[in-house]
Amino acid sequence: MGTPATAPRKNTVRLGDRVFSGLSKGSGIALLVIMAAIAVFLTIRAAIAIAHNEGNFLTTFQWDANASPPVFGIAVLLFGTVVSSVIAMTLAVPVAIGIALFISHYAPRRLAGIIGYVVDLLAAVPSIIYGLWGALFLVPHMTGLFDWLDRFFGWTGIFAYDGTPARSLMTVGILLAIMILPIITSVTREVFKQTPKAHEEAALALGATRWEVIRMTVLPFGRSGIISASMLGLGRALGETMAVATVLSPSFLINASLLESGGGTFAQNIASQFKEAGSMGRDALIASGLVLFVLTLLVNGAARLIIARRKEYSGSL
Amino acid sequence: MAKRIDVTGLTAYYGTHKAIDDISMHVEPMSVTAFIGPSGCGKSTFLRTLNRMHEVTPGGRVEGKVLLDDEDLYGPGVDPVSVRRTVGMVFQRPNPFPTMSIYDNVAAGLRLNGSYRKSELDDIVEKNLRGANLWNEVKDRLNKPGSGLSGGQQQRLCIARATAVEPEVLLMDEPCSALDPISTLAIEDLIGQLKSTFTIVIVTHNMQQAARVSDRTAFFNLAAVGQPGKLIEIGDTDRIFSNPTVRATEDYISGRFG
């Protein structure tokens with residue numbers, strides 16, 4: 001009696017499974033919706049501003065978005081953003097890799113712990129604090145370095161300096177480098193620590209010195225991690241607002257010299273102008289924000305491409 | 001080029017824990033010496049003291065003497081890096097560099113030691129891959145990553161990598177324990193060929209393997225868990241397996257251990 005033993009069991013879906021799958025599906029969809037909403041919002045408002053723009057959006061060295069007719073262009077902002085971020089990356093990435101290697105492979109365990117903690121602490125400092133420190137300490141103390149650069153490399157034009165307060169893209173780049181150092185350091189440190197012991201021992205057993213072990217195993221193994229960490233840092237440098245706005249003395253000029261005051265970045269320009277902007281002015285700022293958004297996407301896409309190209313050698317088996 | 005190893009009064013520590021106690025033995029050149037014994041008896045630790053890999057472990061240190069012919073590996077002013085260039089090592093799990101091609105794996109050690117012309121390097125890579133009985137299987141994909149090979153092939157690649165720098169001694173730490181029986185057989189055949197060039201020391205958990213490949217066998221044991229491992233006896237493999245002088249050896253090889 002009852003059900004025969006061979007009857008197929010009913011395929012019950014448990015409540016927990018259903019809730020969880022609904023939750024994760026919902027989160028995934030929400031993410032897409034939010035991204036789409038941001039993109040649509042930015043595009044519509046940007047289109048309005050660009051349609052009314054009397055200047056050339058890409059090449060005009062001017063930002064009079066509240067005038068009628070409005071005249072504005074992002075040339076200076078694009079230049080300032082890219083240049084300050086490039087300076088920051090050039091300075092921060094090698095130093096961050098050095099600190100990370102020191103923590104993961106050279107320092108005695110106690111010291112490594114302390115340094116790691118201090119680096120993480122640096123990441124927790126709010127950007128306005130960096131901005132104040134930059135404006136009040138870094139700017140006056142840059143003149144010595146800038147004079148030196150001017151004396152030896154001034155002939156290149158890029159490093160010419162006339163002694164005015166150092167509220168320039170170079171100072172911004174240096175400040176950004178300090179700000180993105182902790183995030184790059186802590187991500188690369190974690191990646192370096194995960195290098196398989198077996199690979200390091202293989203290199204040691206071949207008669208590799210410590211540096212050769214790092215070159216043969218740790219760095220290649222951590223390659224994609226270094227790239228991802230740098231992209232995280234670059235993302236922060238491209239979008240940094242308060243610190244840049246506090247240090248830079250903005251102007252709508254592109255200086256041949258990186259040491260001369262002036263210039264601007266997308267985020268800094270939006271922060272500085274948003275309050276006084278009228279409706280057209282805001283739309284113009286949003287248009288510039290859209291360019292920053294696309295720039296960040298491009299940078300991330302490029303990074304993914306680099307990582308994917310050597311996937312079979314990545315070391316993640 | 002193969003050299004003789006003489007060990008006297010060797011004791012190794014992990015921090016304050018004594019892992020092996022007062023081991024003395026000699027290893028004949030151009031022969032295969034197998035280390036057998038239960039887990040934790042310190043045979044791998046002892047093996048790693050022979051190329052100064054033990055001290056790489058945090059807290060690892062060594063007392064005693066290891067002579068390679070007449071050179072004391074632990075003498076003052078001896079660079080562990082140069083020791084490891086003369087005493088090569090193959091590990092338990094195949095560990096080719098995943099970020100390098102098959103070719104670059106074999107050439108890795110050479111590139112550390114100096115610069116070679118491309119044609120020289122090609123010859124050395126081919127010679128060592130042939131020596132590891134791997135050439136025919138990989139000659140068409142030398143530029144593919146080594147991690148794409150099977151476990152047995154990877155281990156032979158690691159052997160080619162170790163022999164490419166022309167060491168005097170080759171240490172093998174359970175080289176077949178992660179491999180299937182056919183790959184194991186391939187490695188054992190290879191060991192038989194390699195001993196015409198190198199002094200080989202192999203750690204193994206597999207007693208048939210010790211009996212098959214080695215000329216001399218050393219049995220290690222420990223009095224109890226947490227006690228340091230000791231060398232119980234060493235002798236010709238035939239003698240150890242047919243007529244051991246110590247009771248513990250007999251118990252272990254006949255499976256009556258513990």
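**Exercise 1. How many helices and strands does chain A have?**

Solution. Start with the terms: helices are DSSP runs of H or I with at least four residues, strands are runs of E with at least two, and both are numbered from the N terminus. On that basis chain A comes to 11 helices and 2 strands. Then read along the sequence: the pattern is α-β-β-α-α-α-α-α-α-α-α-α-α.

The model is predicted: local features need pLDDT of at least 70, side-chain atom pairs need 80 or more, and totals for chains, interfaces and linings use all residues. Residues are numbered from 1 along each chain as its sequence is written, and chains are lettered from A and ligands numbered from 1 in the order written.

**Exercise 2. Compare chain A with a compact globule.**

Solution. Take the radius of gyration over C-alpha atoms; the globule rule is 2.2 Å times the number of residues to the power 0.38. For 317 residues, a compact globule would have a value near 20 Å. Chain A has 25 Å. Next, the box: along the principal axes, the C-alpha atoms fill roughly 95 × 60 × 35 Å.

**Exercise 3. Describe the contact between chains A and B.**

Solution. Two residues are in contact if their C-beta atoms, placed from the backbone, lie within 7 Å. Chain B gives 21 residues and chain A gives 19. On the side of chain B, helix H2 (80-86), strand S6 (87-90) and helix H3 (102-113) each supply at least two residues. H2(B) has the largest share, 4 residues.
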